[in-house]
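Hi,

Here is the model I promised to pass on.

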Amino acid sequence: MATRIAINGAAGRMGQRLVALGSADKDLDIVACFEYSGHPKFGQDAGTVAGIGEIDVTLAEETAAEYAAIIDFSVPAGAHAAVERAVNAKAALVMATTGLEEEHQAKIREAAQVIPVVWAPSMSTTVNLTMKLCEIAAEALKDIPGGADVEVLERHHRFKEDSPSGTALRFGELIANKMGITNFVHGREGRPGARPHNEIAYHAIRTGDNPGEHTIIFGLLGETIEMTVRASNRDCYATGALQAAKFAAGKKPGLYNMNDVLGL
Ligand SMILES: NC(=O)c1ccc[n+]([C@@H]2O[C@H](COP(=O)([O-])OP(=O)(O)OC[C@H]3O[C@@H](n4cnc5c(N)ncnc54)[C@H](O)[C@@H]3O)[C@@H](O)[C@H]2O)c1
Ligand SMILES: O=C(O)C1=N[C@H](C(=O)O)CCC1
């Protein structure tokens, strides 16, 4: 039987791709599409807004439909509402929104005690695989003579509201844990002095319609390794999130990540 899902932020850039790809998936049934009531397309059919024709689900703030999982790609306030909706409906939650304050993050961890939650800053297969590869590199280079300097560069579209990306922050966190790094900086200017080893720097570029690109640099004395992972469109995130919804629906409560979903 198809998994009944709800999409939060359904008129957004990601929401529209979830509606389009979810509607084409015979193992999924989109039964609710939540949106902010101030959105200009509020009240319209979600499929029409996504450019695939009517799916008989209206962009709304409420639904009478029952769903097994809710997928959230919205904004911090919307993510907060999605957590409440999932807990009230006893549904699984796929949390993809980034740039969340600590109070919102705490609510997600709390919710994971009563419902299954998949929470990841990137639902992309290649991003999650690159995170594994970076952990291997960090482990191998942590005690290298002369030291290895780690910098994380990310590029996203001009509309992105949070910086650096949630994915860049996760790359930094995973590498720092392996290398025992405790200092983090965001760009550099003036005369900060010679670069200390015990530091990871983030650089956030915002241009055009870039759907997401991350480069992780491990710079040694005499040689450098860089890993780049690049999306050519948003479907890698939407496909991963839909897979996460199928994975999480009916699972026991707990916090899961995309490694669990993808078997990485
Ligand atoms: N984890 C991932 O794989 C991944 C991938 C892409 C984007 N993201 C994140 O997803 C989020 C959304 O990205 P986007 O590009 O689709 O943004 P967007 O601005 O295009 O879409 C956000 C949508 O949420 C809606 N919204 C606002 N308040 C709401 C509320 N209270 N309830 C329901 N909906 C509400 C907005 O009206 C809008 O339609 C961002 O935080 C982004 O960083 C994560
Ligand atoms: O488009 C965005 O916004 C994205 N945000 C995620 C992040 O902040 O890590 C990654 C994918 C695209």
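**Around Val229**

Leaving aside neighbours within four places in sequence, Val229 is in contact (heavy atoms within 4.5 Å) with Thr126, Val127, Thr130, Phe171, Gly212, Glu213 and His214. Bear in mind that this is a predicted model, where local features need pLDDT of at least 70 and side-chain atom pairs count only at pLDDT 80 or more, while totals for chains, interfaces and linings use all residues. Residues are numbered from 1 along each chain as written, chains are lettered from A and ligands numbered from 1 in the order written, and side-chain values use heavy atoms, with hydrogens and water left out.

Val229 belongs to strand β11, residues 224–230 (strands are DSSP runs of E, at least two residues, numbered from the N terminus). Is Val229 buried or exposed? Val229 is buried, at 6% relative accessible area (buried means under 20%, with a 1.4 Å probe and protein chains only). Met131 is 98 residues away from Val229 along the chain, and their C-alpha atoms are 9.8 Å apart.

**Ligand 1**

Now for the ligand. Of the 23 residues around ligand 1 (a heavy atom within 4 Å), those that come nearest are Arg13, Glu35, Thr98, Pro121 and Met123.

The polar contacts (N or O pairs within 3.5 Å) include these:
- a polar backbone atom of Met123, 2.8 Å from an oxygen atom of ligand 1
- a polar backbone atom of Ala120, 3.2 Å from a nitrogen atom of ligand 1
- a backbone N or O atom of Ala96, 3.2 Å from a nitrogen atom of ligand 1

The protein covers 83% of the 870 Å² of accessible area that ligand 1 has on its own (Shrake-Rupley, 1.4 Å probe).

Cheers

Conventions:
Helix = DSSP H or I, 4+ residues; strand = E, 2+ residues; numbered from the N terminus. Buried < 20%, exposed > 50% of the residue type's maximum accessible area, 1.4 Å probe, protein only. Polar contact = N/O pair within 3.5 Å; in protein donor to acceptor, adjacent residues only side chain to side chain.
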